[in-house]
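This report describes one protein structure for a reader who has not seen it before. The sequence and the structure come first, and the description follows.

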Amino acid sequence: MERKKKVNIGIIVHVGELASAASYSALLFAKAAIDQGHQIYRIFFYHDGVENANAFSVIPEDSFDLRPEWISLHKNHDVELAVCIGAAHRRGIKTDITDEISSKNLEKDVDSAFELAGLGQLADMTINADRVITFDA
């Protein structure tokens, strides 16, 4: 019986959880890859995909809230969840607001399971992952 090679996979999520089923598909793909013994190098939330990390999104009662599932994936499998800081800023998600008087970090809109990242982390992922899969609408 031939053994399958373990693959190091990078995932890019371009859409928010309510825009289409692509975010949910990305989550299911990541879980299935891990179940098959593959490694997730990083999940990079880009463009509207940064909405997956917004702690203050309001999810309708008849919709499935993916954010806790992403957080669980991070905690249970040590999967890096990188959120593009530029895309987050452009969508009004607070990422690094600092009180100018006391210089203390204030509340952020992004859960601590999500790491704020730049395009350097996206480039790093595309260079170092064996495969990069993109989920878009």
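## A residue in a loop

Ala55 lies in the loop between S2 and H2; helices (H or I, at least four residues) and strands (E, at least two) are DSSP runs, numbered from the N terminus. The model is predicted: local features need pLDDT of at least 70, side-chain atom pairs count only at pLDDT 80 or more, and totals for chains, interfaces and linings use all residues. Residues are numbered from 1 along each chain as its sequence is written, and side-chain values use heavy atoms, with hydrogens and water left out.

With a relative accessible area of 28%, Ala55 is partly exposed (buried means under 20% relative accessible area, exposed over 50%, partly exposed in between, with a 1.4 Å probe and protein chains only). Ala55 and Asp109 are 54 residues apart in sequence, yet their C-alpha atoms are 5.3 Å apart in space. Neighbours within four places in sequence aside, Ala55 is in contact (heavy atoms within 4.5 Å) with Arg67, Asp109 and Asp111.

## The chain as a whole

The protein chain has 4 helices and 5 strands. From the N terminus on, the elements run β-α-β-α-β-α-β-α-β.

Of the 137 residues in the chain, 39% are buried. Among contacts between residues at least 6 apart in sequence, 78% join residues at least 24 apart. The accessible surface comes to about 8,000 Å², and 49% of that surface belongs to carbon and sulfur atoms; the areas come from the Shrake-Rupley method with a 1.4 Å probe, and for residues only the protein chains shown count as cover.

## The nonpolar core

The largest nonpolar core has 39 residues, and those with the most contacts inside it are Ile11, Ile40, Ile43, Trp70 and Phe114. Such a core is a set of buried Ala, Val, Leu, Ile, Met, Phe, Trp, Tyr and Cys residues joined through side-chain atoms within 4.5 Å. The elements that each supply at least two residues of this core include strand S1 (8-13), strand S2 (39-45), strand S3 (81-84) and strand S4 (114-117), along with helix H1 (22-35), helix H2 (67-77), helix H3 (85-90) and helix H4 (119-128). H1 gives the most, with 6 residues.

Apart from its neighbours within four places in sequence, Ile40 is in contact with Asn8, Ile9, Ile11, Ala30, Ala33, Ile34 and Val79.

## Two packed helices

H1 and H2 pack at an angle of about 20°, with their axes 11 Å apart; axes are lines fitted to C-alpha atoms, for helices over the stretch in contact, and angles run from 0 to 180 degrees between N-to-C directions. The two helices are therefore roughly parallel to each other, a term for angles under 35 degrees. From H1, the contact is made by Ser23, Ala26, Leu27, Ala30, Lys31 and Ile34, and from H2 by Glu69, Trp70, Leu73 and His77.

Leu27, in helix H1, is buried at 1% relative accessibility. Not counting residues up to four places away in sequence, Leu27 touches Leu66, Glu69, Trp70 and Leu73. Leu27 and Leu73 are 46 residues apart in sequence and 8.5 Å apart in space, C-alpha to C-alpha.

## Positive phi values

His47 is not a glycine but has a positive phi of about 50°. His47 is in the loop between S2 and H2 and is partly exposed, at 33% relative accessibility.

Asp78, also a residue other than glycine, has a positive phi near 55°. Asp78 is placed in the loop between H2 and S3, and at 63% relative accessibility Asp78 counts as exposed.

Definitions and conventions:
Parallel < 35°, antiparallel > 145°, perpendicular 65-115°, else oblique.
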